[in-house]
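Hello,

Here is the structure we talked about handing over. My notes follow below it.

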Amino acid sequence: MLHGFGWLRAVASPTLLLLMSAVAAPAQDVFERVDHHYADSDGVSIHYATLGSGPLVVMIHGFPDFWYSWRDQMLALAEAGFRVAAMDTRGYNLSDKPERVDAYAMKLLVDDVSAVVAAEGVDDAIVVGHDWGGIIAWNVGMRQPSFLRGLVVLNMPHPAALARELATNPDQERNSQYARNFQAEGSHERLSASGLTGWVRDPDARARYVEAFERSSLFGMMSYYKANYPSPPYEEIPDGVLPQVLAPVLHIHGLEDQYLLASGLDGTWEWVAADYTLVTLPGIGHFVQQDASESVTEAILMWLRR
């Protein structure tokens with residue numbers, strides 16, 4: 001287990017250092033450069049945007065977000081020789097929007113990832129997820145599909161760690177009040193497309209987010225919480241209930257995340273039966289792939305190259 005970026009300096013070859021220097025330049029917007037595709041997930045159409053060619057990297061956004069969340073990483077990975085497929089998860093933007101809570105059950109969300117990999121016609125892929133995308137990624141890892149080469153999880157503790165923190169850490173329980181609010185009947189009626197974009201700092205990007213959220217299902221967004229998030233009374237998940245992740249894992253976490261506290265990182269290696277690398281970013285909050293874009297991109301590229 002390795003913290004921070006000291007390990008980057010320790011293992012970086014001259015070629016990788018040059019690659020990291022290129023990543024440090026401001027990323028060009030990719031909105032007009034991507035190709036758009038649709039995967040059929042048992043009758044639900046899943047939109048994803050692609051860029052580049054090479055080994056497949058599937059990227060899964062969280063709440064409230066869409067494929068464009070990964071714009072900086074998409075450009076850098078494509079230039080480094082990877083093919084990136086950034087999903088709109090069901091309910092969001094250009095993907096289908098079922099209007100039943102049970103249509104957002106975790107098994108179906110995992111199946112959506114498999115559908116994208118199948119649509120790409122490849123045998124293996126790296127799966128990257130943030131927030132809800134991170135929960136989906138962890139579950140992909142626990143279900144151990146044959147295509148999985150590795151996981152990158154951003155600002156999302158392992159599901160067993162999240163359950164533990166909710167059950168034993170009063171700070172995490174208190175800071176999760178938003179999730180209990182989202183589980184309430186009619187919670188989507190209190191949301192708006194523009195109101196969900198307050199965290200987006202770039203005004204040009206915010207305009208794209210408003211458009212995407214106006215196409216999205218607010219009911220669907222809330223259904224992730226209703227179908228999958230733990231409900232009180234919170235209980236820990238007993239040892240051995242969840243299968244271990246057999247693929248290598250890169251875990252990135254902004255330490256100032258007020259929604260998913262850093263204490264949830266403790267013990268993650270107990271649920272991973274392969275190489276586990278932890279990168280922590282002091283002073284960075286929840287939306288780590290945008291607020292610390294260069295650092296996140298460097299960490300992912302270094303891990304992929306290793």
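**Helix α6 and its cover**

Helix α6 (residues 159-168) is largely enclosed by the rest of the structure, because eight of its 10 residues are buried. Please keep in mind that this is a predicted model. The buried residues of α6 are P159, A160, A161, L162, A163, R164, E165 and L166. What covers them includes α5 (132-143) and α7 (170-175).

**Salt bridges**

The structure holds nine salt bridges. One of them joins E120 to R83, with the closest N and O atoms 2.4 Å apart. E120 sits in helix α4 (residues 106-120) and R83 in strand β4 (residues 83-87), so this pair ties together parts that are 37 residues apart in sequence. E120 counts as buried, at 16% relative accessibility.

D171 is partly exposed, at 38% relative accessibility.

E173 and R180 also form a salt bridge, at 3.5 Å from N to O. E173 is partly exposed at 30%.

**Aromatic rings**

A search of the whole structure finds 22 aromatic pairs. Take Y178 and Y225: the ring centres are 6.3 Å apart and the planes are at 80°, so the pair is edge-to-face. Y178 is in helix α8 (residues 177-182) and Y225 in helix α10 (residues 218-228). The two are 47 residues apart, and the pair links distant parts of the chain. Both Y178 and Y225 are buried.

Y209 and F213 are edge-to-face as well, because their centres are 5.7 Å apart and their planes are at 70°. They are four residues apart in helix α9 (residues 203-215), so about one helical turn separates them. Y209 is buried at 0% relative accessibility. F213 is buried too, at 1%.

Ring pairs also build a cluster. Its members are F63, Y92, Y104, W132, Y178, F182, Y224, Y225, Y229 and Y259. Y178 and Y225, described above, are therefore part of it.

**Charges over rings**

Two arginines are worth a look in the viewer. The charged end of R71 sits over the ring of Y68, 4.5 Å from the ring centre. R208 lies over the face of F31, at 3.8 Å from the ring centre.

Best wishes

Definitions and conventions:
Residues are numbered from 1 along each chain as its sequence is written. This is a predicted model: local features need pLDDT of at least 70, side-chain atom pairs count only at pLDDT 80 or more; totals for chains, interfaces and linings use all residues. Side-chain values use heavy atoms; hydrogens and water are left out. Rings of Phe, Tyr and Trp (its six-membered ring) pair if their centres lie within 6.5 Å; planes under 30 degrees apart count as stacked, over 60 as edge-to-face and the rest as tilted. Buried means under 20% relative accessible area, exposed over 50%, partly exposed in between (1.4 Å probe, protein chains only). A charge sits over a ring if NZ of Lys or CZ of Arg is within 6 Å of the ring centre and within 35 degrees of the ring normal. Contact means heavy atoms within 4.5 Å. A salt bridge is a side-chain nitrogen of Lys or Arg within 4 Å of a carboxyl oxygen of Asp or Glu.
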